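Here are some notes to read alongside the model.

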Amino acid sequence: MAADGVTTSAAFPVPDTMAAWVLDGPGEVRRVDKPVPVPGRAEVLLRIDAIAICPSDIDNIWYGWPAIVDGGPPFHKNWTPGHEYMGTVVALGPHVDEFAIGDRVAVEIHAGCGQCRRCRAGLYTACLNYGVRAKGHRANGFTTDGGFCGYQVNHVNTMAKLSDAIPDALGTMVVTAGTAMYALTELGGLVAGESLVVIGEGPIGLFVAAVGKTLGASPVVVTGLSPQRLAIAQGLGADHVIDVRDRDAIAAVQAIVGRHGADYVVECSGAPVAVGQAIAMASRGGRVCLAAFPAESTQVDVGRLVRDNIALFGIRGEGKRAVHRACALIRDGKFDPTPLITHTFPLDDLPAALATAKEKRDGAIKVVVTPHGGVAGRVGRG
């Protein structure tokens with residue numbers, strides 16, 4: 001890599017081109033060769049060592065939304081999806097000294113423009129220049145190329161250093177843990193001892209339960225449809241789990257937290273009916289956070305929100321350096337999300353990895369792809 005001001009090392013040779021997957025039509029990914037990107041000011045080049053498949057990747061690849069590429073749907077734009085990755089720093093942009101070549105890092109998705117009033121307040125996932133690359137905004141795997149490839153550039157503000165005690169696959173979980181942290185602390189103002197209800201036992205719901213328990217929420221209640229995932233929620237610290245296939249979710253929650261309802265409810269399922277359930281589960285003066293993208297329009301009991309002084313807000317990803325705090329919790333063993341990692345695939349087998357994640361084959365929860373080695377298989381639990 002020969003570029004003015006870019007620092008490289010013979011210990012980490014960087015090729016000119018790399019294997020990458022691009023999105024054609026809905027659900028159609030194609031392997032190509034792309035030039036390895038060159039880091040600019042305040043950027044580094046990462047060798048992507050592992051990347052997890054998120055439900056949002058499935059939405060982006062099959063349905064387009066929430067990805068917005070060049071102002072529209074991401075199809076047929078030579079765009080590479082994927083956003084939950086970690087890697088090794090292999091090149092530094094001009095004057096970058098915040099990181100060193102060889103550092104292992106987890107990444108955040110969003111790099112705000114840094115100049116609008118939202119970014120200046122640390123709310124870079126709500127950047128007022130979202131998707132405008134000319135203004136400096138990037139959201140890898142949503143508005144710009146993501147991580148289903150060999151290398152990617154990241155802004156220095158979007159990376160958290162990983163200790164050697166955190167293996168590559170676990171490093172891909174840090175950004176999701178950061179999203180949970182952001183929802184609970186910066187936006188939700190969770191206080192130890194408050195009751196927390198999590199609707200949905202997908203990856204983000206499981207992380208919200210784990211982080212909430214670590215932060216002192218009590219009790220932590222998780223509702224869902226999968227006995228396997230509800231059992232994992234208990235292993236991550238949930239005090240109660242509710243299988244809603246044969247129980248009324250609202251009544252079951254109230255039986256646990258009391259008839260007045262929960263202090264904080266986080267909706268992570270994306271089911272249209274769940275938004276109304278979340279509001280019904282919250283206590284007077286409580287809070288409701290929406291952390292999923294519903295596929296359909298939803299009805300909201302605005303009257304109850306106003307009458308009972310309930311705060312309702314949405315969250316899109318991480319913010320205010322919550323990823324760094326979540327990384328510290330994992331590093332210090334406050335909780336261990338390893339049970340969520342169920343399958344691994346090499347990058348060449350990305351179509352099979354995506355199908356496994358989309359169809360939840362063989363109990364898949366988090367499917368991890370390794371661009372520079374590894375074999376396909378189910379992760380053993382010993």
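1. Ground rules. This is a predicted model, in which local features need pLDDT of at least 70 and side-chain atom pairs count only at pLDDT 80 or more, while totals for chains, interfaces and linings use all residues. Residues are numbered from 1 along each chain as its sequence is written, and side-chain values use heavy atoms, with hydrogens and water left out.

2. Helix α4 against helix α10. Start with α4 (residues 174-187) and α10 (residues 322-331), which pack at an angle of about 110 degrees with their axes 7 Å apart. (Helices are DSSP runs of H or I with at least four residues, strands are runs of E with at least two, and both are numbered from the N terminus. Axes are lines fitted to C-alpha atoms, for helices over the stretch in contact, and angles run from 0 to 180 degrees between N-to-C directions.) The two helices are therefore roughly perpendicular to each other; angles of 65 to 115 degrees count as such, those under 35 as roughly parallel, those over 145 as roughly antiparallel and the rest as oblique.

3. The residues of that contact. The crossing of α4 and α10 is right-handed. (A crossing has this name if the near helix is turned clockwise from the far one by less than a right angle, and is left-handed if anticlockwise.) From α4, the contact is made by V174, V175, A177, G178, M181, Y182 and E186, and from α10 by A322, V323, R325, A326, C327, L329 and I330, where contact means heavy atoms within 4.5 Å. By class, the residues of this contact are 11 nonpolar, 1 polar and 2 charged. (Ala, Val, Leu, Ile, Met, Phe, Trp, Tyr, Cys and Pro count as nonpolar, Asp, Glu, Lys and Arg as charged, and the others, Gly among them, as polar.)

4. Helix α4 against helix α5. The axes of α4 and α5 come within 8 Å and cross at roughly 60 degrees. That makes α4 oblique to α5, and their crossing is right-handed. Here T176, A177, T179, A180, M181 and L184 of α4 meet P203, I204, F207, V208, V211 and G212 of α5. This contact divides into 9 nonpolar, 3 polar and no charged residues.

5. Helix α1 against helix α11. With axes 10 Å apart, α1 (residues 55-63) and α11 (residues 350-359) pack at an angle of about 110 degrees. That makes α1 roughly perpendicular to α11, and the crossing is left-handed. I58, I61, W62 and Y63 of α1 make the contact with L354, A357 and K358 of α11. Among the contact residues, 6 are nonpolar, none polar and 1 charged.

6. The second largest pocket. How much space lies in the second largest pocket? The volume is about 620 Å³. (On a 1 Å grid over the protein atoms alone, a pocket is an open set of points with protein on both sides within 12 Å along at least five of seven lines, a cavity is a set where a 1.4 Å probe fits but cannot get out, and lining residues have an atom within 4 Å of a point. Grid points are joined across faces, edges and corners, and a volume is the space filled by probe spheres set on the points.) The pocket is lined by 30 residues, and A111, G112, G136, R138 and H155 lie nearest its centre. Strand β9 (151-155) and strand β7 (110-111) each supply at least two lining residues, with the largest share, 3 residues, coming from β9. The lining has 9 nonpolar, 12 polar and 9 charged residues.

7. The cavity. A search of the whole structure finds 1 cavity of 30 Å³ or more. The largest cavity holds about 40 Å³ of space, and its lining is E108, I109, A111, R138, N140, N154, H155 and T158. These divide into 2 nonpolar, 4 polar and 2 charged.

8. Backbone details. A cis peptide bond joins W65 and P66, with omega about 15 degrees; P66 lies in the loop between α1 and β5 (84-92). The bond from S218 to P219 is also cis, with omega near -5 degrees, and P219 sits in the loop between α5 (203-214) and β12 (220-224). Finally, look at N309, a residue other than glycine with a positive phi, near 55 degrees, in the loop between α9 (302-307) and β16 (311-314).
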